[in-house]
Amino acid sequence: MSELLGFRAVEAGYGEARVLHGIDLAVGENERVAILGRNGVGKSTVVNTFLGVARLRAGEVRFRGAPQRSLQHFTAARAGVAVVLQGRHIIPNLTVRENLLLGAAVRRPGAWNLEGVFELFPVLRERADTPGTALSGGQQQMLAIGRALMANPALLVLDEPSEGLAPVIVDELAVVLRRLADGGTGLLLIEQNFGLVRRVAERYYALSKGQIVDQGRLADLSLAKLKEHVAV
Amino acid sequence: MLLQTLNGLVYGGLLYILAVGLVLIFGLRRVVNFAHGSLFMVGAYVGYAIATHFGNFWLGLVVSVVVLAVLGVFLDAVVFRPLQREDPIVTVLVTFGILLVLEDAVRTIWGKDFLSLKPPAALAGTVQILGESFPTYRLFVIALAAAVAIGLSLWLRMSRIGLFVRASSVDRTTTAILGVNTDRVSVLVVAAAGVSGRVSAPVLALSPCMGRLILIDSFIVVVVGGLGSFSGAFFAALIIGQLHNFGVVYLPWAATMIPFLLMVGILIWRPSGFAGQHV
């Protein structure tokens, strides 16, 4: 299985502060991986590092096995890694349709297009011409996922996708993510909601104080260990 | 009355084009660009120099457009990009410094006296509109400003790059994370903003401070229209263009105050302007 995203001995942070200390991780094609951890342990900094938002101080970030000398914000997207950011980050002056089209800024060959996203999330078709930020929280999450899919990514990274969503919407989200995974899209889920993680991911990394303290198959994760890593 | 309305349209069109440049540069680089007025002024002088030297108005127009595009790209690389993470006051001071330097350079080369460029022969006469004479060249400027304004709006609304520009202007980081090289978009926009400043030159008498004077009204347009809003800037420019012209004719003692009074009134009524984000 070829590697899509890899970290080797990554030290990263913001300004002079280091948040990540010697992180090693790898996500391969068609894999479903979760990064677990409580608030403030550095989960989002993992994402921010390969997006060029946090500063890479040491170590190596690889896309498709290729070490990246310079991490620009757009590097990941161009390597086939699309990200659904925490907080969704819907562009407020664009309509739903325009937000989706923006997601196709880097377009790899693949099945996802505007029509495909509208079929996956019919409510987005109904509200295609309204401003993206006029949608409800759950609909905005659908929009953020649909926007990421427009690039036909090999790996879809979702940072706290269940945040602020009602349980019933989280259930729907889990179904959608499983469908995507079954369709061949790799998933990296940064999440505290173990219910969602358990239904989507097959492998995990657990993060604490900026270090990976545990990893393995989710099926092998005991309840006691789980309570250490996330809010259940 | 009709002539004043048409003159107001000319001025409003110019303000809109300049204001769009300011809105774009602020959105993409978070730079309040005081140097924008000096691009307008340099464009006018370069056009004047080429047109008088070669005796060809249109050549002057084309060359000055190219010069401003190059100057815009240069400013973006050397000034705006390095300054985008600096404190706003730093960018204001630096761009204001560029304005002063360019004004002084123009004063050194062409002198401080007013200059005027004759319109080309084809546009030199006047036309009768409802019994009143109106310079053909000014009608040309109205048409050109309208064409540029419509073209710019269509470009922003309909094109793929326009979509990137609109997205970058409100959330540059997210747009880049989606795969857009926002630095390239910014270069394009700053060049286009520089070019837009060129349209107006022969309408006004050329003087080294011409950029500074229209820049103030352009900033008022941006604030009244709403920071970051192109449609807001359009309506604000039309209103301020008319107020400016009617003010000069009917209330000359208050003409310079009127746009400021409008701005104060609008900000009290709607602190975010007609259609923008909070100022």
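I count a residue as buried when its relative accessible area is under 20%. The model I am looking at is predicted.

**Entry: helix α1 of chain A**

I looked up helix α1 of chain A, residues 43-50, against that cut-off. Eight of its eight residues are buried, so the helix is largely enclosed by the rest of the structure. I noted the buried residues from Lys43(A) and Ser44(A) through Thr45(A), Val46(A) and Val47(A) to Asn48(A), Thr49(A) and Phe50(A). After α1(A) I found Gly52(A), which has a positive phi, near 75°.

**Entry: chain A as a whole**

I listed the secondary structure of chain A as nine helices and 10 strands. I then asked what radius of gyration chain A has. A compact globule of 232 residues would have one near 17 Å, and chain A has 17 Å, so the two agree. Its C-alpha trace spans about 45 × 40 × 35 Å along the principal axes.

Of the 232 residues in chain A, 56% count as buried. I also looked at contacts in chain A between residues at least 6 apart in sequence; 68% of these join residues at least 24 apart.

**Entry: the nonpolar cores**

Which residues touch the most other members of the largest nonpolar core? I found Leu102(A), Tyr16(B) and Val221(B), in a core of 78 residues. Helix α1 of chain B, residues 2-29, gives the most to this core, with 16 residues. I also found a second, separate core of 48 residues, which includes Trp112(A), Met142(A), Ala148(A) and Leu158(A).

I went back to Val221(B) and left aside its neighbours within four places in sequence. Val221(B) is in contact with Leu15(B) and Ala19(B), and also with Ala233(B), Ala236(B), Ala237(B) and Ile240(B).

**Entry: Val223(B)**

I placed Val223(B) in helix α9 of chain B, residues 210-225. Is Val223(B) buried or exposed? Its relative accessible area is 17%, and the cut-off for buried is under 20%, so Val223(B) is buried.

Definitions and conventions. Residues are numbered from 1 along each chain as its sequence is written. Chains are lettered from A and ligands numbered from 1 in the order in which they are written. This is a predicted model: local features need pLDDT of at least 70, side-chain atom pairs count only at pLDDT 80 or more; totals for chains, interfaces and linings use all residues. Side-chain values use heavy atoms; hydrogens and water are left out. A nonpolar core is a set of buried Ala, Val, Leu, Ile, Met, Phe, Trp, Tyr and Cys residues joined through side-chain atoms within 4.5 Å. Buried means under 20% relative accessible area, exposed over 50%, partly exposed in between (1.4 Å probe, protein chains only). Helices (H or I, at least four residues) and strands (E, at least two) are DSSP runs, numbered from the N terminus. Contact means heavy atoms within 4.5 Å. The radius of gyration is taken over C-alpha atoms; the globule rule is 2.2 Å times the number of residues to the power 0.38.
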